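I opened the notebook to look up cores and ring contacts. The entries below follow the order in which I checked them.

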Amino acid sequence: MSGCAASGCISGNDNCINAALLPSDPELTVRFDNRCATTDGPAQVTCDTGSQPLTGDLWYDYVAPCCGVLTVSMCNIGMDAMMAIYGGSETCECPANNSTLLGCGDDTCGPGGGPPVVSISVVKDGCYSIRAGGWNGATGSGDMTVSMACVPTLTTQSNGHFDKDPGTGAYVDAGAYADVWADGDIVYQGQILDNKVNFFDVSDPDNPVRIREWLVGFPNTGSSAEDVKVGDELLFISLFGDGFDGVEIVDVRDPANATHLSWITVPGFEDVKNSFYDNGYLYLANGTTPQLAVMDLTVYDPDAPPPTINAALWTINVGSSLVDNMTVADGRLYVAAGGAGVFVYDVTSIDSLAPQFLGSSLPQPATHSVGVSANGRWVVTTQRVLGGALQLFEVMPTDLGVDVILRQTIAPPATSTGYHNVVVDGMRVYTTLFETGLLIYEILPSGSLQHLSTYSTYYQPFVGGFSGAWGVYPFLANDRVAVSDIQTGLHIVHVANQNATFTYPDGLPDLVDPDVGTLFDAIIKASCEDLDPATASAFVRVGGETEPFVEIPLTDLGGGLFEVTLPPAACGSHVDYYLRVDTVGGRAELDPPLAPGVLYQAEVALTIETVFEDSFAADLGWTIGSFACFAGQVGDWQRVAPTPTFFAPGNDSPNDADGNCYVTGDGLPGGSPFTLDIDGGPYRLTSPVIPINGQDVRVSYDRWFFAQQRAAGISPALIVDVSEDGLFWFTVETVETAGPRWIHHEFLLSDLMTPGDSFQLRFSAADCPNKDVPEAAVDNVKVIMTGCTLVDTPLAAQAPHDTLKNRYISFEPNNPGRQVKIEVTLSASLPHPGSLGDSWWVQPPVVVQVGQFPKPLVGPDECVALLGGEATAAEIDWDAVGCQTLHVTGCAVEPTSEYDVRMVLGSFESDILTVPTGLQPGGGRWWGDTVGIFDGAEWTPPQGVSNIDDAVVAIKTFQGGQTVAPDGNVAHLSVPDVEPGDINTVVNFADVLILIKAFQGDQYPFGPADSEGNCP
């Protein structure tokens, strides 16, 4: 350590608990030196290069002054550094593992072994723990920079904008910007009616820097370089409008020193509207004819390029209008074919087969741009025409290919404008609207587009026509999006977090009182933009989806604390609700975030009990069976984490988090939905028997069902039934195809049948005859019992005459006809004070035969139960099982102790009965009291003292003498086996010695169960 001190590298923030609190400044520089640092964080951290060892860590805490992006850079530190950032709550806490890891960096600043840069989205007032160190033992020193990019008001916020010359303030290019694409931190922006392409460095997204202007050369100086694509460090510039070459290939391995490589001149493709590059193949859109060409560039060598390429690998006709744009994803080509609509092709064998037509939509006006979702199910297009719409199509497999079906059309706000380009990332849609700018949508499972945010790029008075935003590229690092506006240039936009957080200090209510309603507290805080507390409201509906929501303002208690009111309603119904508050800028913040599609729910009742619940994390006893429709049928139910296809879900229900569900015919990743869909059946999934004791219950489940219904008169279905006896079934619902998505359904059992002692739930799916491609799934089954009358408080237990016992507790449950739990708590233990306060639940009673421990039964109204743990608690009708007197025993019973006994019914508890077992000398009871006196022919029950009679019984038993009455009745506790080990089996010298010591006044010699669970 002295060497470390001499080097000056000792730091007070070596350990996380002593992290240095950094100023909440937008820009700061922090000195870093880990040459003497130890490691106290998780050993392996999941970084951009995989799970990596982070050692020699120093810790810094940063409280975000705003909502936005926090960036920490170690690029100025000359070592193989690593960094991780954790947290985000109101206080910084040291991570025990990677569960709170928000971001990690390894080699961001350069090739392998370089320092990292980490950027994360942060919320206002969130505390973030920055952990900086070395990779696998690396040490060094230098400056670490911390920068905070705030997003004060918008969900989408500009990081940077380039249009005006920073020196003169003059527009660089007026009215010329077109398409945009990127590779890493370099953005390429084409220009319409001009032969220029701008190259930007956006590594600092707040300050895009134009590193050069590329001019398309002779003979294409009159071309319109409006479309650009990048792949394998090659820039492809589509040339339109000059009638010469079709595409220029530019070497951009060093973008600042880019060089021309080749011209692509295919006969008939002198004017190329758009291109798309995928795995060595370049697809060309003619733009003036219904033609598409595929160029094979798999062996293209940028170090020895041909001057021209004039032969296409394939040329095909698409529709009857023109080819405007295309996208390739997962072996399929999606083409925007002008007035002909959307066309889909198989290009999995493009090296040897021309694109194979799979299917197309109906003709659509001016289909211009096309994007496809990650699962290949959804296609989004725009129409390049005044009034042109945004359209969502569903791609549905058929026996011969696919159907492309229009599901939604979103018209622009005015017929004088229209949507232009669209790109899809996962299920998130990024599109441009000429007069507005960037619009962001989410493709919902229901088959609709949900608008999420808008960012305006066109801030001039709109003059109509094709003015404003043109191109969009959403794949920049750290949630940045590049947008190109014809008039206002390049915009780098950051997609921020929500502006509000909702927490509930006492949780969300399960019940609403039918007479007075229910109140609960909500804490609503701004994470980005300030909130307007006057707008805070609950939106409540009673009676299901057909009923309207009623707005109920929240009561503002100050400091972000609000009181929420759920009004009274008819008992037995349920309440759906969500909360809303607006920002000062007018943006609505919702909880749940996807409300009203996803809602909170509470039962209108006085009591609620979960009778059965299954998320299918484990096997709870469901049975699977089928009836053969034909030989070789497939598609039976399986409990798995589902594998997605076009028709089957890719995840279990969003209402639980274990990952499993029951699904029909789970296939392989990327497999065809035709392989393991339902063929034949019906395939039946039946629940275990669910006891309900004649009470009405509400049953709920989440289900998925989809089928194409392509064959006339054939309607595959998922049928849900209930039955009391397994013979007669009542149909809950018959589900036919309505789009592949999870749907929550619930019903009252009494609406279908008279509730009996129990019931079963059954799901049946079939395709008989085999004419369709149906898939089904079930998850999150729950049965609850609600009550509209308050349950009486259970009666306290009554103690019988012989409560003073050793090794067990005796009392009367005293609750005839009620299903109660029994809780036993050790309340006083003189020789074992460390055992005070342990609570135990009583297990169901067991019959004890004569000679068994702890005692033989002396009458039909007595029975014995064992102590259990919390997991064994059960409500039992003790009167029904014939126990008027209950003896509770087990290792947990401490002799010479007192116990508190409670009856528990639902959430209600009885008064306490205190039961002593045996007391210390001076307290009236001795632990060694096994019998009373010998009276005539038998020993009497224990009389409260440990005297010579108890020792005599032990000695006689040890000698094999008679200790029972002539009629064979066993004296009460007359088998004095008291040593550790097997109780009431052998009375030996140790038992005699122990009872003699008890007679002499010794304390009870045995403690609780040993470490192996053996009873004393």
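These entries cover nonpolar cores, aromatic pairs and charges over rings in a predicted model.

**Cores.** I began with the largest nonpolar core, which has 37 residues. Y188, V197, L235, I237 and L438 touch the most other members. I noted a separate core of 31 residues, with V697, L718, V735 and V781 among them.

**L438.** I listed its contacts, leaving out residues up to four places away in sequence. L438 touches Y430, T431, S453, T454, Y455, V472, V481, V483 and V493.

**Aromatic pairs.** I found 19 in the structure. F236 and Y277 are stacked, 5.0 Å centre to centre with 25° between the planes. F236 sits in strand β17 and Y277 in strand β20, 41 residues apart.

I looked at F539 and Y578 next. This pair is stacked as well, at 5.1 Å and 10° between the planes. It joins strand β43 (F539) to strand β47 (Y578), across 39 residues. F539 counts as buried at 13% relative accessibility, and Y578 does at 11%.

**Ring cluster.** I traced ring pairs that link F612, F616, W622, Y662, Y701 and F763.

**Charges over rings.** I checked two cases. R762 lies over the face of W729, 4.0 Å from the ring centre. K821 lies over the face of W841, at 5.5 Å from the ring centre.

Conventions
Residues numbered from 1 in each chain as written. Predicted model: local features only at pLDDT ≥ 70, side-chain atom pairs only at ≥ 80, totals over all residues. Heavy atoms only, no water. Core = buried A, V, L, I, M, F, W, Y, C linked by side-chain atoms within 4.5 Å. Buried < 20%, exposed > 50% of the residue type's maximum accessible area, 1.4 Å probe, protein only. Contact = heavy atoms within 4.5 Å. Phe/Tyr/Trp six-rings, centres within 6.5 Å; stacked < 30°, edge-to-face > 60°. Helix = DSSP H or I, 4+ residues; strand = E, 2+ residues; numbered from the N terminus. Lys NZ or Arg CZ within 6 Å of the ring centre and 35° of its normal.
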